[in-house]
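Me: I've got a structure open and would like to talk through some of its helices and a few single residues. Shall we take it piece by piece?

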Amino acid sequence: MRGWIQVYSPATIGNIGPGFDVLGMAVKGLGDIVYARRRPSGIRIVEIRSPTPIPSDPAKNTAAIAAANVLRFLNVRGGLELRIHKGLPAGSGLGSSAASAAAGAFAANWLYGRQLSTEQLILAATQAEAEVSGGFFADNTAPALLGGATLTRCCVPLDVTRIGIIRRLKIILVTPAITVLTRDARKILPETVPMRAFVFNMANTALITAAFAKNDYSLFARSLNDVVIEPVRSKLIRGYDQVKESALKAGADGMAISGAGPSVFAITDNMAKARVIEQQMVLTFNSLGISSKSWITTVDPHGTRLLDDGGLQ
Ligand code: HSE
């Protein structure tokens, strides 16, 4: 469409296992597209295509809020029209609101001079996500914008870094038809953690970081362990223990909750195995009367990007 730029932003898994609110990664083949063009003032959403309902009010929509944040950071007069085509279901634990926010922030910056750094776009998108999720965390927005796996050291002031990718990694993502609200999944978390669990999760988080930095699949496979968050949150995902057992039995090297759930992801480095693992996970949810959607994917190294400049360049 002439005059409209087209921006893609990928789905993300954040947290990755033990790296609660810290570790995230972008995944290939699943994501949101935001079309945007300039208008004299205000943000208007003129179209939404989405598998699940999302707010069309710009004050409640993460793409629009993030775009407005960017215009404020840039201190420019002007507005935007947005068309939002979601490839991601909302409330699935796949970073749906973060993908829209990242694409909205990227599009606003692109159309108004490209003055902001990716870190500033992450802040704009993270603030937008916070308004709808009730928590300020960048483990979805950072990988959505930067691609690969990322670490968040601190949210205020924002300090994130991209770690890298693991080329051999195959990710089996399964989204069961279960509702888990991030807000609720955060409320049930323990206030304090026993020292032993803290050391265990810290060690595994650090090793996942090393695995992505070194492109080392087997180190990642050994480190996808979480004794703090998973035991509590898995109770919100009916069938979690059975599905994990079936994934491991089918040859997965690990399984964890994607974000706050209900999506789960298993890992392997073998495509033939990945298909069997996917089938077994879906069958297990099915045997409990729970339908699900599944994908086999890998790490998206690029993050949010321009697909079409609308003839403006
Ligand atoms: N880190 C957040 C959580 C991500 O696990 O609550 C939510 O998408």
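Predicted model: local features only at pLDDT ≥ 70, side-chain atom pairs only at ≥ 80, totals over all residues.

Me: What distance separates the end C-alpha atoms of H2, given the span it should have?
Reply: H2 covers residues 96–111, which is 16 residues. At 1.5 Å a residue, they should span 22 Å. The computed distance between the end C-alpha atoms agrees with that, at 23 Å.

Me: And which residue takes a positive phi just after H2?
Reply: Look just past the end of the helix, where the phi is about 100°. The residue there is Gly-113.

Me: Is H1 parallel, antiparallel, perpendicular or oblique to H3?
Reply: H1 (residues 62–74) and H3 (residues 118–133) have axes 8 Å apart, at an angle of about 135°. Roughly antiparallel would need over 145, and roughly perpendicular runs from 65 to 115. That makes the pair oblique.

Me: How are H9 and H10 oriented to each other?
Reply: Their axes are 8 Å apart and the packing angle is about 155°. The cut-off is over 145, so H9 and H10 are roughly antiparallel.

Me: How many charged residues does the contact of H9 with H10 have?
Reply: H9 brings Gln-242, Val-243, Ser-246 and Ala-247, while H10 brings Ile-277, Gln-280, Met-281, Thr-284 and Phe-285. By class, five are nonpolar and four polar. For charged residues, the answer is none.

Me: Is Gly-251 buried or exposed?
Reply: Gly-251 sits in the loop between H9 and strand S8. Leaving aside neighbours within four places in sequence, Gly-251 is in contact with Lys-273 and Ile-277. Its relative accessibility is 18%, and the limit is under 20%, so Gly-251 counts as buried.

Me: Which residues does Thr-205 contact, leaving aside its neighbours within four places in sequence?
Reply: Thr-205 lies in H6. With a relative accessible area of 13%, Thr-205 is buried. Its contacts beyond those neighbours are Pro-18, Gly-19 and Leu-23.

Definitions and conventions. Residues numbered from 1 in each chain as written. Heavy atoms only, no water. Axes fitted to C-alpha atoms, helices over the stretch in contact; angles between N-to-C directions. Helix = DSSP H or I, 4+ residues; strand = E, 2+ residues; numbered from the N terminus. Parallel < 35°, antiparallel > 145°, perpendicular 65-115°, else oblique. Expected span 1.5 Å × (residues − 1). Buried < 20%, exposed > 50% of the residue type's maximum accessible area, 1.4 Å probe, protein only. Contact = heavy atoms within 4.5 Å. Nonpolar A, V, L, I, M, F, W, Y, C, P; charged D, E, K, R; others polar.
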